[in-house]
Amino acid sequence: MNDVSNATSPQLTIPSGAPHNKFTRYARSVSSDHTHLFPMVPTTRPLVVGIDLRTLGMDPRAYPDLLEIARRRDIVAVKLLIRRNDDAAIAESWMQAIEIDELHTLSFTDRESASRFGDALEFSVHSTRAGQIAAMRMCRFFDIYTVLDAHDATTTDLSDTDRLDAAVLAAVGYALGTDVIVSLAPTVGRADVADNDVVTTVTPEDLAPVFGHYLRMTGNCIIAQICTGRSVNEVGARSITEFYANGVAAVAPLLDTLHLAARLAGKTEAAADVETVQARLRRAARALDEVLAALARTNGRDIKPTVDTVESVSEAFDRELLYLIAVFDTYARAYLRWMYPTESKPLLKSLHSKTTLTRYVDPHYPGPVGADLLRQVHELQQYAFICSQLRNRIHAAMLPTAPFANRAYGSAQAIAIDLSAVGIEPNQQQTDRLGVWKTELNPLSAETLVVADIATAAVELFITAAEYVDVFSRLILTIKPVGAPDADNLLGMAADDTGAQLPPPASIEQRYRDLFGWKR
């Protein structure tokens, strides 16, 4: 009756030293001259956004969403980055578009333009305001790390120049205190580029999720400002709770549709059941945000995260898991009440269990109509089962999260989950998606552990959970169950719409999707 974890395939390939894939789109800590974005003692400061002008080009109007965020001058500080050999007209067009007079010019043009400082390459960045030099900083990075990254990479699509440019961006971003740099460089967000552990880089469209995270963590409910003439209209939620509720409705629209169907049909108990699922998914999203906020106090240049940071990350991840399991439990039990309303005893099952699907779901949705939805449901259940394995560990003992070396060189560490201690054996797809890698227990030991990057695991487990409940909602809403004569007519209520494409989201819904787009 109990689920059995996926057996390790003979062809399973677990990367050594670093994962092949991991989530990198959260702000990192900056140099000691600047405060953390989310310090242990809460304070509010602007989100510092660097813009890599040489990759974005001459026309700022090509990036309307980026400009909208950059113009939020009350909460966003923009740093325009350009190299001394770039066309000055590029900087002028961006300064006019964003209405700022500050520019940061890098002396670095190629390897020969930099000097040596011990084993590091060194270059300067001059900050000007209204054309006058306001400050000058020296930036350094170990160029040997780009060579080591290239040696360990599983692909050869990045050139030496690409990797060197990424190191330059990270060095200047770290020195200037940027929380995130917007760029179209081919190295953006790549797990095989160590400099993405130092300074977060995103494409223009992926700035929105970082900005959304900043808004939620600083209690700011205004998601957009619309300028009409001399007036500015603010668009947003009435509370952070509503902010999260709107986000959950945007990332799981079929669950929201099921809730609406229950309310329109006057099924108050069913509507309350769905509201409970939504509330727990909302709280899981908030816990995920707090995982990433705590991780914003770490950086790939630091040797080891602090004890307080590890505790904050671990505690928030525990809460995320507990709420996700509550989502699976609540939804399964509500579904079973709808499917078997005459049962004398409640069926205490959960959607994290494969047995629940094979015994209580599959038999009622046979045939080709729901085959694709059932296939998706079963694939996503595997991630829900991993949530349950991690949750079981929380109830039995502490979940083993700790800093581990996340590169085959250097001393930098990342907070990860020790899967070896939990007894989880991921398959190849889960290994790739959850940011799994093998690492040494310590430099003097030959013993290796299988660990999962906690940022990547936290994001993927939430995303797959949201997708799971959404696909399951579509299954039970659009297909009438067979072999269940007493089933509530909520099941299959929209059967005529089976296979229909959802209409495109309204602009406000799309905005919330963008702000909650941890992964696209």
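How many nonpolar, polar and charged residues does the lining of the second largest pocket have? In this predicted model, the lining of the second largest pocket has, by class, 16 nonpolar, five polar and eight charged residues. The pocket itself holds about 680 Å³ of space, and among the 29 residues that line it, Arg-140, Phe-142, Tyr-145, Val-198 and Arg-301 lie nearest its centre. Two elements give two or more residues to this lining, namely strand β6 (132-141) and helix α5 (160-176).

The largest pocket contains about 1,100 Å³ of space, and its lining is made up of 45 residues, with Ala-249, Ala-250, Val-251, Pro-253 and Arg-513 lying nearest the centre. Two or more residues of that lining come from each of the helices α7 (240-251), α8 (253-264), α9 (268-295), α12 (371-396), α15 (454-478) and α16 (507-515), and it is α15 that gives the most, with nine residues. Sorted by class, the lining of the largest pocket divides into 24 nonpolar, nine polar and 12 charged residues.

Helix α8 also includes Leu-258, which has a relative accessible area of 0% and is therefore counted as buried. When neighbours within four places in sequence are left aside, Leu-258 is in contact with Val-274, Tyr-331, Trp-338, Ser-473, Ile-476, Leu-477 and Leu-490. With one of these partners, Leu-477, the separation along the chain is 219 residues, whereas the C-alpha atoms of Leu-258 and Leu-477 are 6.7 Å apart in space.

Key. Residues numbered from 1 in each chain as written. Predicted model: local features only at pLDDT ≥ 70, side-chain atom pairs only at ≥ 80, totals over all residues. Heavy atoms only, no water. 1 Å grid on protein atoms, 1.4 Å probe; cavity = no way out; pocket = protein on both sides within 12 Å on 5 of 7 lines; lining within 4 Å. Points joined across faces, edges and corners; volume = space filled by probe spheres on them. Helix = DSSP H or I, 4+ residues; strand = E, 2+ residues; numbered from the N terminus. Nonpolar A, V, L, I, M, F, W, Y, C, P; charged D, E, K, R; others polar. Buried < 20%, exposed > 50% of the residue type's maximum accessible area, 1.4 Å probe, protein only. Contact = heavy atoms within 4.5 Å.
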